[in-house]
Amino acid sequence: MKYHNINEVLENNQAWVAEKLAIDPTYFEKLSRGQKPPFLYIGCSDSRLPLTNFTRTEPGEFFVHRNIANQVSLTDINFLAVLEYAILHLEVEHIIICGHYDCGGIKAALEGRTTGIIDNWVNPIRELYLQKQDEIDILPTRKERLNRLAEINVLAQVKNLYQTSIMRKALHDQKAPLVHGWLLDIGTGLIKDLNISTVKWQLPSCPLFTKEPLITLAC
């Protein structure tokens, strides 16, 4: 694969701008008016995964949060801020949690070859493996085991999404986006919809979000 140098990157930007303006002279004027993306995309930081390329979408369609192995961490203030902004302010219609096959984070978790902060980050995936070890280890090849863990990881992150107070409140207010679990196969370029049913995680209204006071004091 050929990699561009820094000057070529800047030249490519100028060429792309010229191409867009040739098609629509008001393209950037309209783009600068604000964003109203229908999708929140939670994906992996892997450099091979620019989703706009894979889906032929334009700037402004995806609000994006990416981290190693597409984790939905309930203690990650960065992620929680993105989620809150996407739901409350942008009012996205869909949330996509997208993992991918041949994921370095999945490999690190399954094979335990990392140390330091990265090891801490992927430890929840390692715990998923231990929970599903019998199901994963029975698969005949390393590739199949890694791919299955990648799928299980997406399933777990969808579940984690429904554990956030932001999502529970959106469900209570009947303003929750639809949630999708995807896997992108880098070897083919195709996206696989895991068709995850989220009904069991759409819990009854939490008492914290009831409009009536929890305690009524007698007069």
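Ring pairs join Trp-16, Tyr-27 and Phe-28 into a cluster, where rings of Phe, Tyr and Trp (its six-membered ring) are taken to pair if their centres lie within 6.5 Å, and where planes under 30 degrees apart count as stacked, over 60 as edge-to-face and the rest as tilted. The model is predicted, so that local features need pLDDT of at least 70 and side-chain atom pairs count only at pLDDT 80 or more, whereas totals for chains, interfaces and linings use all residues. Residues are numbered from 1 along each chain as its sequence is written, and side-chain values use heavy atoms, with hydrogens and water left out.

Across the whole structure, the search finds six aromatic pairs. One of them is formed by Trp-16 and Tyr-27, whose arrangement is edge-to-face, with 6.4 Å from centre to centre and 90° between the planes. This pair links distant parts of the chain, since Trp-16 lies in helix H1 (residues 6–23) and Tyr-27, 11 residues apart from it, in helix H2 (residues 27–31); helices (H or I, at least four residues) and strands (E, at least two) are DSSP runs, numbered from the N terminus. Trp-16 is partly exposed, with a relative accessible area of 32%, while Tyr-27 is buried, at 15%; buried denotes under 20% relative accessible area, exposed over 50%, and partly exposed the range in between (1.4 Å probe, protein chains only).

The rings of Phe-63 and Tyr-85 form a tilted pair, because their planes stand at 40°, with the centres 5.8 Å apart. Here too distant parts of the chain are linked, with Phe-63 in strand E2 (residues 62–67) and Tyr-85 in helix H4 (residues 77–89), 22 residues apart. Phe-63 counts as buried at 16% relative accessibility, and Tyr-85 as partly exposed at 37%.
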